[in-house]
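Here's a quick briefing to read with the model open in your viewer.

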Amino acid sequence: MPLIFFAIKLMEYFRGVFYVLILASARNAASPIFHLYLGENTVQSVSSDPVCSYLLFTVPSIILQQWQSETKIISAEYMCSLRPKEPQISMESLIMDRLALVTRNTDEIVTPEELEALLSSDSTCSAYVGYEPSGKIHMGHVLTVNKLLDLQQAGFKITVLLADIHAYLNEKGTMEEVKKIADYNRRCFIALGLDEKNTDFVLGSSYQLEPDYMMDVLKLARSTTLNRARRSMDEVSRDAENPKVSQMIYPLMQALDIAHLRVKVAVGGIDQRKIHMLAREGLPELGYSAPVCIHTPILLGLDGKKMSSSKGNYISVDDSPEDIRKKMKGAFCVEGEVRDNPVLSLFKYHIMPRYPEIAVKRPEKYGGDLHYSGYEAIEADFAARRLHPMDLKSAASEYMNQILEPVRRLMQEK
Ligand code: STL
């Protein structure tokens, strides 16, 4: 009898290990959270770091706990030595776990209360980001992709809008040109880790010319002042000095995308906030609900100034390792200065969310390698001048190359 029991429990143990391995390989590298499924009802979130200790201690201890309850022969002392390192997660803390994932590295949530209510409701959570198709996908775009990865991990249904008509309205090219670039962008986003099967990629022109959508644009035009529409485009528009009517239509369409794509959450850079506020006010007047908005920061270029394609002051996903090394060498990074430091930003928004621990390599004569398991410690060491800009920059090149290597590979395959 005990032999059969052990055989069954051993199988359950390997089933736990098997799930972890499947989840570890299925998940993308962007988030350090694993969800571990044990038996029928036990769900546990663990970060990738303690997965090994989890397999060695927690899984056997749960099996032993079950065994104890069935056989009552395990000594209390023995049980204590195998006490789970990670507590089992209640429904409430599972919601908190998702909230932390959804809100990390954001500038603003409008509103936090609405987001929490959405996460604790039974309805499916859905979110979208719109992108004007662009020939250069840079780390600024990747910042919102990272947020989509967090949301996907938190169980959201994700839509990516390839906003070809918006790009056309914003004078980024002819319709034919932007459509072609949209497909390149879709492949980039998949290569960056968005799950192809669980992400809806929608081309704007596939629905934005339908009569229902256009009628809504006209309705929203009736209830939006010229002044409001114009101001909402301050941070987005190509020619803010001399705006065309097309640039007044742009924010109205963006607001309606949220309703017509049927998403509850709109994600974007903080430069999108005025358009999102217009949507929150205008959509209920048309009978749609107001979206929750998640705003990410806008990254500075590597020279500490606004990113600009003419200056090429950013890392693109298709940059070669040599390009990245060169760009990082010339990056603006004043010793001890943490504010507006684009190299530290790479660690905060791109590197640390993907690695539970990083090493900054240093020659022995300068104190040897440094190890970090969180962004705050890097910032503190840099501020205290214990970490030199040269070492920070070369570690940043090394990790950015590691992050972009699979993207380059995947883009070349297709
Ligand atoms: C930009 C710069 C930027 C974001 C966008 C455009 C977003 C475009 C967009 C279009 C339609 C949507 C949502 C977003 O529904 O930072 O030029």
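This is a predicted model: local features need pLDDT of at least 70, side-chain atom pairs count only at pLDDT 80 or more; totals for chains, interfaces and linings use all residues.

**Around T199**
- You'll find T199 in strand β6, which covers residues 199–203.
- T199 comes out as partly exposed because it has 17 C-beta neighbours inside 10 Å, while the buried label needs 20 or more.
- T199 and Q152 are 47 residues apart along the chain, and their C-alpha atoms are separated by 8.7 Å.

**Helices α13 and α16**
- Take helix α13 (residues 321–329) and helix α16 (residues 389–413): their axes come within 9 Å and cross at roughly 155 degrees.
- Angles over 145 degrees count as roughly antiparallel, so that is how α13 runs relative to α16.
- As for handedness, α13 passes α16 in a right-handed crossing.
- On the α13 side, the contact uses P321, I324, R325, M328 and K329; α16 brings K393, A396, S397, M400 and N401.
- Sorted by type, the residues of this α13–α16 contact are five nonpolar, two polar and three charged.

**Around the ligand**
- Which residues surround the ligand? They are G130, E132, L161, A163, H166, N170, V236, Q254, D257, G269, D271 and Q272.
- That shell around the ligand splits into three nonpolar, six polar and three charged residues.

Definitions and conventions
Residues are numbered from 1 along each chain as its sequence is written. Axes are lines fitted to C-alpha atoms, for helices over the stretch in contact, and angles run from 0 to 180 degrees between N-to-C directions. Helices (H or I, at least four residues) and strands (E, at least two) are DSSP runs, numbered from the N terminus. Angles under 35 degrees count as roughly parallel, over 145 as roughly antiparallel, 65 to 115 as roughly perpendicular and the rest as oblique. A crossing is left-handed if the near helix is turned anticlockwise from the far one by less than a right angle, and right-handed if clockwise. Two residues are in contact if their C-beta atoms, placed from the backbone, lie within 7 Å. Ala, Val, Leu, Ile, Met, Phe, Trp, Tyr, Cys and Pro count as nonpolar, Asp, Glu, Lys and Arg as charged, and the others, Gly among them, as polar. A residue is near a molecule or strand if its C-beta atom, placed from the backbone, lies within 6 Å of it. A residue is buried if 20 or more other C-beta atoms lie within 10 Å of its own, exposed if 12 or fewer, and partly exposed in between; C-beta atoms are placed from the backbone.
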